[in-house]
Amino acid sequence: QVQLVESGGGLVQVGGSLRLSCAASGRTFSGNAMGWFRQAPGKEREFVATIDWSGGSTHYADSVKGRFTISRDNAKNTVYLLINSLKTEDTAVYYCAAATTAAVAVPSSWYNYWGQGTQVTVSS
């Protein structure tokens, strides 16, 4: 059974940092791009960041560029999202996903495995 399990979410104050992790099991995703998405209350899920199969190429949503960093460790079958300078508008459930492509992938339709999500709440 293929699973993506996110962890590392929590309650943090404005300006704080978090590191989210997404551990895959059931198969290796070392040949697949991985991504992070988020969904805030009352809003649609939105793209946050993606990383290609090697970790050599990344792409970010404009709203998080310069504050978020996506990385991966293929030996551990894990992808990370380092979130700095958190803002209240970053409050959302964060999901990791595995793409069908090896190159960076932005559209959610390019992803076929999804985790259950981890809650990030930023308080002022």
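Thr-78 touches Ser-21, Cys-22, Ala-23, Arg-72 and Asp-73, leaving aside residues up to four places away in sequence; contact here means heavy atoms within 4.5 Å. The residue belongs to strand β8. Thr-78 counts as buried because its relative accessibility is 12%, where buried means under 20% relative accessible area, exposed over 50% and partly exposed in between, with a 1.4 Å probe and protein chains only. Its side chain reaches the backbone oxygen of Lys-76 at 2.8 Å.

The model is a predicted one, in which local features need pLDDT of at least 70 and side-chain atom pairs count only at pLDDT 80 or more, while totals for chains, interfaces and linings use all residues. Residues are numbered from 1 along each chain as its sequence is written, and side-chain values use heavy atoms, with hydrogens and water left out.

The wider setting of Thr-78 may now be described. The protein chain has 11 strands and zero helices; helices (H or I, at least four residues) and strands (E, at least two) are DSSP runs, numbered from the N terminus. The C-alpha atoms of the chain fill a box of roughly 40 × 25 × 25 Å, taken along the principal axes. A compact globule of 124 residues would have a radius of gyration near 14 Å, so the 13 Å of the protein chain agrees with that expectation; the radius is taken over C-alpha atoms, and the globule rule is 2.2 Å times the number of residues to the power 0.38. Buried residues make up 43% of the 124 residues. Of the contacts with a separation of 6 or more, 59% are between residues 24 or more positions apart.

Strand β8 takes part in an open sheet of four strands, in the order β1-β3-β8-β7, with antiparallel pairing; two strands pair if DSSP finds at least two bridges between them. At the edges stand β1 (3-7) and β7, each of which pairs on one side only. Neighbouring strands of this sheet are turned by 15 degrees against each other on average, direction ignored; the axes are lines fitted to C-alpha atoms, for helices over the stretch in contact, and angles run from 0 to 180 degrees between N-to-C directions.

On one side, β8 is joined to β3 by six bridges, and the two run antiparallel; Ser-21 has Tyr-80 of β8 as its bridge partner. With β7, β8 also pairs in the antiparallel sense over six bridges. Phe-68 has Ile-83 of β8 as its bridge partner, and Thr-69 has Leu-82. The hairpin of β7 and β8 has four residues between the strands, and in it Asn-77 takes a positive phi near 55 degrees. Strand β8 is mostly covered, with five of its six residues buried.

The contacts of Tyr-94, not counting residues up to four places away in sequence, include Leu-20, Trp-36, Phe-68, Leu-81 and Ile-83.

Note on methods: A polar contact is a pair of N or O atoms within 3.5 Å; within protein, one must be able to donate a hydrogen and the other to accept it, and residues adjacent in sequence count only if both atoms are side-chain atoms.
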